[in-house]
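Let's take a friendly walk through a protein model, one feature at a time. Keep the picture at hand as you read.

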Amino acid sequence: MSFEEQERAKRRSDKIGAIEIRASHPSDAEGIAAMANLPGFRAGTLRLPFQSVEETRQWLEKSSPNSTGLVAVLEGRIVGNAGLNRLAGRRIHSGSIGMGVHDDFTGCGIGSALLAAIVDTADNWLAIKRLELTVYVDNAPAIKLYQKFGFETEGRLRAFGFRNGEYVDAFAMARLRL
């Protein structure tokens with residue numbers, strides 16, 4: 001990250017306060033469901049509208065031992081979440097990630113804080129060599145964030161997801177730790 005980017009990030013974090021990144025737990029279901037039902041958040045994911053709190057709680061409770069779930073908390077409010085799922089068998093060296101940020105807090109450094117925590121966990125605690133993700137081709141801010149952390153586009157997945165009445169392409173991106 002360049003000096004200018006660091007200074008911008010510092011000014012953003014000063015403006016919004018301290019972001020806490022911590023493990024997610026079932027009691028976060030209400031905050032995560034509220035965030036997941038926002039139109040901007042949902043547009044970047046494969047989630048359906050009208051996700052219930054109970055559905056979210058069940059998803060959190062059934063977390064795999066090979067997954068790491070994180071939330072970003074700002075002044076007691078969940079403003080982002082991310083997950084890392086380690087793959088198995090001959091792909092045990094790989095992990096798949098997904099994340100999202102509350103509509104009102106995009107561009108404030110929350111995505112960077114979450115992704116930094118995921119990358120640190122993968123690199124320094126799980127010895128994961130390959131991190132992979134999919135991102136809709138029209139999600140320029142997310143693509144820029146992933147590139148900042150060393151992710152590269154490996155391919156285009158045509159008609160990857162159905163969103164808002166139409167099929168949308170996605171990029172397959174990955175980051176290899178050499």
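The sections below go from the sheet to a helix and then to some side chains. Please keep in mind that this is a predicted model.

## The sheet

Start with the open sheet, which has seven strands in the order β1-β2-β3-β4-β5-β7-β6. The pairing in this sheet is mixed. In general, strands of a sheet pair through backbone hydrogen bonds, and they can do so parallel or antiparallel.

Which strands stand at the edges? They are β1 (19-23) and β6 (152-163). Each of these has a single partner strand, so one of its sides is left without a neighbour in the sheet. On average, neighbouring strands here are turned by 25 degrees against each other, direction ignored.

For a look at one pairing, find β3 (residues 77-86) and β4 (residues 94-101), which run antiparallel and are joined by seven bridges. At residue level, Arg-86 stands opposite Gly-95 in β4.

## A helix across the strands

Next, find helix α5, made of residues 110-124. Helix α5 lies across β1, β2 (67-74), β3, β4, β5 (130-136) and β7 (166-176). Its direction is at about 30 degrees to β3.

Is Asp-123 buried or exposed? Its relative accessible area is 15%, and because the cut-off for buried is under 20%, Asp-123 counts as buried. Leaving aside neighbours within four places in sequence, Asp-123 is in contact with Ile-128, Arg-175 and Arg-177. With Arg-177 there is also a polar contact between the two side chains, at 3.4 Å.

## Rings that meet

Now for the aromatic side chains: the structure holds three aromatic pairs. One of them is formed by Tyr-136 and Phe-160, whose ring centres are 6.4 Å apart. Their planes stand at 70 degrees, so this pair is edge-to-face. The pair links distant parts of the chain, with Tyr-136 in strand β5 and Phe-160 in strand β6, 24 residues apart.

How accessible are the two partners? Tyr-136 is buried, with a relative accessible area of 5%, whereas Phe-160 counts as partly exposed at 31%.

Technical notes
Residues are numbered from 1 along each chain as its sequence is written. This is a predicted model: local features need pLDDT of at least 70, side-chain atom pairs count only at pLDDT 80 or more; totals for chains, interfaces and linings use all residues. Side-chain values use heavy atoms; hydrogens and water are left out. Two strands pair if DSSP finds at least two bridges between them. Helices (H or I, at least four residues) and strands (E, at least two) are DSSP runs, numbered from the N terminus. Axes are lines fitted to C-alpha atoms, for helices over the stretch in contact, and angles run from 0 to 180 degrees between N-to-C directions. Contact means heavy atoms within 4.5 Å. Buried means under 20% relative accessible area, exposed over 50%, partly exposed in between (1.4 Å probe, protein chains only). A polar contact is a pair of N or O atoms within 3.5 Å; within protein, one must be able to donate a hydrogen and the other to accept it, and residues adjacent in sequence count only if both atoms are side-chain atoms. Rings of Phe, Tyr and Trp (its six-membered ring) pair if their centres lie within 6.5 Å; planes under 30 degrees apart count as stacked, over 60 as edge-to-face and the rest as tilted.
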